[in-house]
Amino acid sequence: MTQQAEQHEQHRASGTDGTRDRRPARGKPFLYVVVCAAGVAADVSKLITSAQERDWEVGVIATPLAMNGFFDPAAVEALTGRPIRSAWRTPGEPRPFPAPDAVVVAPATFNTVNKWAAGIADTLALGTLCEAAGLGVPIAVLPCVAEALAAHPAYRDSLIRLRGMGVRIGEPYAGEADPHGGRPEFGWERALDLLGPPPAAGT
Ligand SMILES: Cc1cc2nc3c(=O)[nH]c(=O)nc-3n(C[C@H](O)[C@H](O)[C@H](O)COP(=O)(O)O)c2cc1C
């Protein structure tokens with residue numbers, strides 16, 4: 001077992017914040033879906049449904065701005081059966097989600113990608129991503145970043161840095177409308193393909 005895998009195992013057993021992993025002993029593998037404030041987030045339920053079909057249990061962590069009208073929180077909570085997390089819990093509160101077996105960031109914004117690569121943890125979403133990478137939890141990212149922003153050297157450096165951390169990054173998606181007003185598909189399932197099959201339940 002690698003050092004990162006050992007850390008991940010310890011993390012699952014004890015929780016980084018001193019509370020125990022609340023995943024039932026033989027529960028399904030738990031996937032965190034981190035949602036950022038991009039227009040395509042309106043369709044995040046497609047990702048959640050696909051993940052559930054592949055036998056992941058899903059909990060959603062949204063950036064505070066993503067909670068500001070970018071998707072339908074009630075629909076997402078109904079799908080996952082859990083509250084969406086966006087803010088840090090208070091010190092006395094139990095951890096609302098089990099530790100993650102894997103994390104997907106979709107859509108990933110220019111802002112969140114750059115802050116994550118820089119080690120900034122000023123939202124729960126960013127803190128979770130920074131920590132998950134350090135623990136060796138598999139992470140897949142589907143960026144949704146316009147070409148003009150993607151050309152910024154800081155963004156290019158961020159992607160190189162994240163790849164160097166072992167983060168799996170999907171193809172560029174600019175989200176720009178074609179001449180007929182249509183948009184290409186975001187390709188939500190790609191995030192799950194990048195992760196591969198979930199670990200067997202109870203392992
Ligand atoms: C309607 C709308 C759509 C947006 N779409 C995108 C997008 O596709 N990609 C992106 O990087 N930023 C997009 N933004 C800008 C982000 O919301 C903004 O950079 C924000 O700070 C991102 O915050 P977050 O990374 O914490 O979610 C959009 C903003 C609005 C108002």
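Helices, counted as DSSP runs of H or I with at least four residues, and strands, counted as runs of E with at least two, are numbered from the N terminus.

1. Please keep in mind that this is a predicted model. With the elements named in this way, Ala200 falls in the segment after α8 (189-195). Ala200 is exposed, because 10 other C-beta atoms lie within 10 Å and the cut-off for an exposed residue is 12 or fewer. Although Ala200 and Gly27 are separated by 173 residues in sequence, their C-alpha atoms are 9.6 Å apart in space.

2. Two backbone features deserve a check, given that most residues other than glycine have a negative phi and most peptide bonds are trans. The peptide bond from Ala106 to Pro107 is cis, with omega near -10 degrees, and Pro107 belongs to strand β3 (residues 102-108). Asp55, which is not a glycine, has a positive phi near 80 degrees, and this residue sits in the loop between α2 (44-53) and β2 (57-62). Asp55 counts as partly exposed because it has 13 C-beta neighbours inside 10 Å.

3. The largest nonpolar core holds 54 residues, of which Val33, Val34, Val35, Val103 and Val104 touch the most other members. Two or more residues of this core come from each of β1 (30-35), α2, β2, β3, α4 (110-117), α5 (124-135), β4 (139-143) and α8.

4. Which residues is Val104 in contact with, leaving aside its neighbours within four places in sequence? They are Leu31, Val33, Val34, Leu47, Ala140, Ala191 and Leu195.

Definitions and conventions: Residues numbered from 1 in each chain as written. Predicted model: local features only at pLDDT ≥ 70, side-chain atom pairs only at ≥ 80, totals over all residues. Buried ≥ 20, exposed ≤ 12 C-beta atoms within 10 Å, placed from the backbone. Core = buried A, V, L, I, M, F, W, Y, C linked by C-beta atoms within 7 Å. Contact = placed C-beta atoms within 7 Å.
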